[in-house]
Amino acid sequence: LTLTISLCTNLLSTGALHPYHVTPSGSSGSGLLSHVTSLVCSAPLTTPTVTLQVLRYLLTAVTLPREPVHADDLLRSVRVVYNVFLCSEGRAERVAARASLEQMISGVFARMERWEKEHGGGVGED
């Protein structure tokens, strides 16, 4: 499991796992990234190594420079990282979860600010 999650993280970070590749069902769209993120979020966090790999993948997926996860996948990712922070017994996992959560939230706010600048104002303004 650790190797699989590590491979997905490396594919994602190098751009080989592009969000718009064809999904396993054959339809196009962002389904592949969503599917992989859902699988990683549901991975059993049985060892510190698996937990750290899950955190690494989720941080990579949320902070991608182009086409990061969003909507339900973003919320699920943040929830998993937050639960790791709350429930992990190991200090290393809690520290990594806290740092990941801070970077994720910071990245989301930076994305929101960029969107606001590009679109000339906030949502719902006339």
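This is a predicted model: local features need pLDDT of at least 70, side-chain atom pairs count only at pLDDT 80 or more; totals for chains, interfaces and linings use all residues.
Helix α3 covers residues 48–62. At 1.5 Å a residue, its 15 residues should span 21 Å, and the end C-alpha atoms are 21 Å apart, which agrees. Of these 15 residues, 11 are buried, so α3 is largely enclosed by the rest of the structure. The buried positions are V50, T51, Q53, V54, L55, Y57, L58, L59, T60, A61 and V62. They pack against α1 (2–14), α2, α4 and α5 (91–118).

The axis geometry of the two pairs is as follows.

| Helix pair | Axes come within | Crossing angle |
|---|---|---|
| α3 and α5 | 9 Å | roughly 10° |
| α2 and α4 | 10 Å | roughly 20° |

Angles under 35 degrees count as roughly parallel. With a crossing of roughly 10°, α3 and α5 are therefore roughly parallel to each other. On the α3 side, the contact is made by P48, T51, L52, L55, L58, L59 and V62, and on the α5 side by A92, E93, A96, A97, S100, Q103, M104, V108 and R111. By class, this contact has 11 nonpolar, 3 polar and 2 charged residues.

The second pair joins α2 (residues 31–41) and α4 (residues 71–87). Their axes cross at roughly 20°, and the two helices are therefore roughly parallel to each other. The crossing of α2 and α4 is left-handed. S34, T37, S38 and C41 of α2 meet D73, R76, S77 and V80 of α4 in the contact. The residues of the α2 contact with α4 divide into 2 nonpolar, 4 polar and 2 charged.

Technical notes:
Residues are numbered from 1 along each chain as its sequence is written. Side-chain values use heavy atoms; hydrogens and water are left out. Axes are lines fitted to C-alpha atoms, for helices over the stretch in contact, and angles run from 0 to 180 degrees between N-to-C directions. Helices (H or I, at least four residues) and strands (E, at least two) are DSSP runs, numbered from the N terminus. Angles under 35 degrees count as roughly parallel, over 145 as roughly antiparallel, 65 to 115 as roughly perpendicular and the rest as oblique. A crossing is left-handed if the near helix is turned anticlockwise from the far one by less than a right angle, and right-handed if clockwise. Contact means heavy atoms within 4.5 Å. Ala, Val, Leu, Ile, Met, Phe, Trp, Tyr, Cys and Pro count as nonpolar, Asp, Glu, Lys and Arg as charged, and the others, Gly among them, as polar. The expected span of a helix is 1.5 Å times one less than its number of residues. Buried means under 20% relative accessible area, exposed over 50%, partly exposed in between (1.4 Å probe, protein chains only).
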